[in-house]
Amino acid sequence: MTDAALKMAEPAVGMRSLRVLARLLDYPTEELQAAAGELIEIIDQERRLSAALRTALKDWCQRTADGDLLELQSEYVALFDKGRATSLLLFEHVHGESRDRGQAMVDLMDEYKAAGFELDARELPDYLPVFLEYLSTCDDAEVGRWLGEIRHILGLLTARLEDRDADHALVPRALLALIGAEAEADAHREEVKGEKRDDTPEALDAVWEEEAVRFSAESDEDCALQSAEGRRLAERKNVTQSEAVRVLDPAASARKH
């Protein structure tokens with residue numbers, strides 16, 4: 001479970017739901033199934049989310065509790081461990097394997113350390129469940145800042161996971177809803193429809209062949225090309241995420257829903 005990856009403080013008031021979302025994105029275990037009732041209770045108390053979204057999350061928790069664990073684990077591996085399109089490593093969607101990704105992870109580690117957290121060796125700092133564990137201890141302003149910076153990634157993940165009929169799409173959807181940015185997913189749906197799947201046997205074989213070629217290429221030139229692409233994506237991210245974002249007020253959300 002992700003709570004073992006960070007030495008964590010208690011969740012901030014009103015943000016326990018972020019820790020629930022982290023659990024739901026993690027690898028299914030007997031412990032997760034046993035905790036379904038508690039997760040449902042916390043989700044039900046999150047008034048920033050619409051009634052429909054809370055119901056969908058609670059129904060997913062119940063399906064997880066009632067499901068066959070081996071099947072749940074097999075589905076999880078097929079969804080997240082084959083191909084990169086649905087990767088839960090945030091910076092992979094921005095920087096790929098470029099040097100920029102390494103610097104971005106160093107910067108995120110510095111954020112964790114400044115907040116008094118220590119990451120163990122089992123997870124990378126940009127693993128979304130770990131990141132949500134960290135956010136669960138932050139105040140609303142900090143949560144809004146971070147979710148605003150990654151909302152383009154969350155929108156893309158939502159669209160891709162929905163395209164695969166995965167319950168896990170509910171997590172990035174809920175995160176976007178927390179900052180009133182659900183339209184971010186809509187912006188990616190047409191793009192996703194035109195994508196070629198990267199989790200087919202043929203696609204996976206092609207990746208292995210490409211990696212073999214890369215290892216025999218001029219390493220400096222290869223890294224320079226990757227780094228340039230990483231910078232291009234990072235620059236686009238900075239342009240589209242410049243506006244301020246805040247976490248929705250639960251009282252206002254309750255009046256709407």
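**Note on burial and salt bridges**

1. Arg48 is buried, its relative accessible area being 8% (buried means under 20%, exposed over 50%, partly exposed in between, with a 1.4 Å probe and protein chains only). The model is predicted: local features need pLDDT of at least 70 and side-chain atom pairs pLDDT 80 or more, while totals for chains, interfaces and linings use all residues. Residues are numbered from 1 along each chain as its sequence is written, and side-chain values use heavy atoms, without hydrogens and water.

2. Arg48 forms a salt bridge with Asp140, with 3.2 Å between the closest N and O atoms (a side-chain nitrogen of Lys or Arg within 4 Å of a carboxyl oxygen of Asp or Glu). This pair links distant parts of the chain, 92 residues apart: Arg48 lies in the loop between helix H3 (36-44) and helix H4 (51-66), and Asp140 in helix H9 (residues 140-149). Asp140 is partly exposed at 30%.

3. A salt bridge of 2.9 Å, N to O, joins the side chains of Glu133 and Arg19. Glu133 belongs to helix H8 (residues 128-135) and Arg19 to helix H1 (residues 16-25), 114 residues apart. Both Glu133 and Arg19 are buried.

4. In the whole structure, 13 salt bridges are found. The protein has 15 helices and 0 strands (DSSP runs numbered from the N terminus: helices are H or I, at least four residues; strands are E, at least two). Buried residues account for 47% of its 257 residues.
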